[in-house]
Amino acid sequence: MGDEGLSAGAAARRLGVAVTTLRTWHQRYGLGPSVHEPGHHRRYTVEDMVRLQVMQRLTAQGVAPAEAAAWACRSPAVLPSADSPAVPSSVGDPVSMDGPAGGGQTIALGGRADPAARGLARAAMRLDGPAMRHILESTVTGRGVTFAWERVMMPVLIGIGERYEATERFVEVEHLLSRSITEALSIVPRPSRELTPRVLLAAADEEQHTLPLEALAAALAEGGVPSRLLGARVPPRALLDAVDRTGPTVVVLWSQVPATGDVIQLDRLLALPRPPLVIGAAGPGWPAASLPPPVTRLTGLTGAVHVVKAACA
Ligand code: B12
């Protein structure tokens, strides 16, 4: 969705309801578009769409329209949280993928997913980059990186991963979603260039998954901690050279899939003449039981931020 908002027809298509239903919700319950420029039709903003999604979800669950509308109107104007008392949670609630790209497919979002995740999942399936960017950037700016990652980005990524596993389709959705997440995380202002980064973030050898590291870099930046992010598929030699040249206090190495979680990479870091104070093995690809003892296993964004900040303090 661009800044100008959606027309009634586009909003109805996105939600998968008839335009007449939207008119009824507007006239009877006040759930109308909030942008009105003289001489133009009213437009639905992203906040209006969030309210409409709450309305749609609750009525689909059998809640009476008047009551559903009361919940929807009470939901905060800026992307509400699923655990907010204003919005009943939607455990395992599947998002129907309406529109040409979706073909009636559904994606299951976990119980911790924020309503914004539903909008993101729909936009992703429609390959609607601007809408994804809008939702992602509003969430990152309004709710912070950790909330945006854990409650909006992660549920949709995991859901699309499950769809891929079940169907071997939607790679194009996964790619555009990944790209949009990368872009949204990069809007977080980086700390002053005068601060020397003491944190090195890298994906393991042949590891193509980098988004969790990008989220970590953005969350650290939000807390004033600069980092160097080497990105995907860092060969062991390149990692050792980078450590040698920059002398980081903390190195976080990400492995998403077991094929890239070879602990030799960690052993080599430990064997350096001046090893980093903290070496974090992050991601589900590492064999938890056979990590070298000095290595710290990192299992979540919040914990990783704490460990890195404590090491740099
Ligand atoms: C986006 C994506 C891609 C993108 C990555 C783009 C990018 N810039 O990162 C691309 C298209 C490159 C890609 C490629 C591949 N992918 Co992929 N991909 C994903 C997807 C959808 C999200 C990845 C992600 O960011 N995960 C992070 C979060 C969202 O998920 P999570 O890891 O489950 O989260 C847990 C932990 O990691 C932790 N956590 C979460 N966030 C953070 C943050 C920090 C800092 C820490 C410490 C912990 C932490 O908490 C969670 C609960 O335990 C996943 C689905 C999934 N469930 O992850 C598949 C998935 C990981 N991919 C998969 C596969 C098979 C592949 C490919 C092999 C496909 C292929 N045939 O080529 C390749 C290449 C693999 C390689 N060698 O690297 C499988 C892996 C299956 C397996 N277990 O081996 C998955 C699970 C999809 C699936 N269900 O089949 N992929």
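Trainee: What makes H8 and H9 count as being in contact?

Mentor: The model is a predicted one. In it, Ser178, Ile181, Thr182 and Leu185 of H8 meet Leu211, Glu214, Ala215 and Ala218 of H9. Contact requires heavy atoms within 4.5 Å, and these residues of H8 and H9 meet in that sense.

Trainee: How do the residues of this contact divide?

Mentor: The contact of H8 with H9 comprises 5 nonpolar residues, 2 polar and 1 charged. Glu214 takes part in the contact, and Glu is counted as charged.

Trainee: Why is H8 called roughly parallel to H9?

Mentor: The axes of helix H8 (residues 171-185) and H9 cross at roughly 15° and come within 9 Å. Angles under 35 degrees count as roughly parallel, so H8 is described as roughly parallel to H9. The crossing of H8 and H9 is left-handed.

Trainee: What makes H5 and H6 roughly antiparallel?

Mentor: Helix H5 (residues 115-125) packs against helix H6 (residues 129-143) at an angle of about 155°, and their axes lie 8 Å apart. An angle over 145 degrees counts as roughly antiparallel, and H5 and H6 are therefore placed in that class. The crossing of H5 and H6 is left-handed. In H5, Ala116, Gly119, Leu120, Ala123 and Ala124 meet Ala131, Met132, Ile135, Leu136 and Thr139 in H6. These residues divide into 8 nonpolar, 2 polar and no charged.

Trainee: Why are S4 and S7 said to stand at the edges of the sheet?

Mentor: The open sheet has 5 strands in the order S4-S3-S5-S6-S7, with parallel pairing. Strand S4 (228-229) and strand S7 (296-298) each have a single partner strand, so one side of each lacks a neighbour in the sheet.

Trainee: How do you know that S5 and S6 pair?

Mentor: Pairing calls for at least two bridges, and strand S5 (residues 250-254) and strand S6 (residues 278-282) have 5 bridges in the parallel sense. Val251 stands opposite Ile279 in S6.

Trainee: Which helices lie on these strands?

Mentor: H9 lies across S3, S4 and S5, at about 165° to S3. Helix H12 (residues 301-312) packs on the sheet and touches S3, S5, S6 and S7, its direction making about 155° with that of S5.

Trainee: What makes His209 a donor to the cobalt atom?

Mentor: The cut-off for this metal is 2.8 Å, and NE2 of His209 is 2.3 Å from the cobalt atom of the ligand. His209 is the single donor from the protein, and this residue is found in the loop between strand S3 (199-203) and helix H9 (211-222).

Methods: Residues are numbered from 1 along each chain as its sequence is written. This is a predicted model: local features need pLDDT of at least 70, side-chain atom pairs count only at pLDDT 80 or more; totals for chains, interfaces and linings use all residues. Side-chain values use heavy atoms; hydrogens and water are left out. Donors are N, O and S atoms within 2.8 Å of the metal (3.2 Å for Na, K and Ca); water is not among the atoms, so sites may look incomplete. Helices (H or I, at least four residues) and strands (E, at least two) are DSSP runs, numbered from the N terminus. Axes are lines fitted to C-alpha atoms, for helices over the stretch in contact, and angles run from 0 to 180 degrees between N-to-C directions. Angles under 35 degrees count as roughly parallel, over 145 as roughly antiparallel, 65 to 115 as roughly perpendicular and the rest as oblique. A crossing is left-handed if the near helix is turned anticlockwise from the far one by less than a right angle, and right-handed if clockwise.
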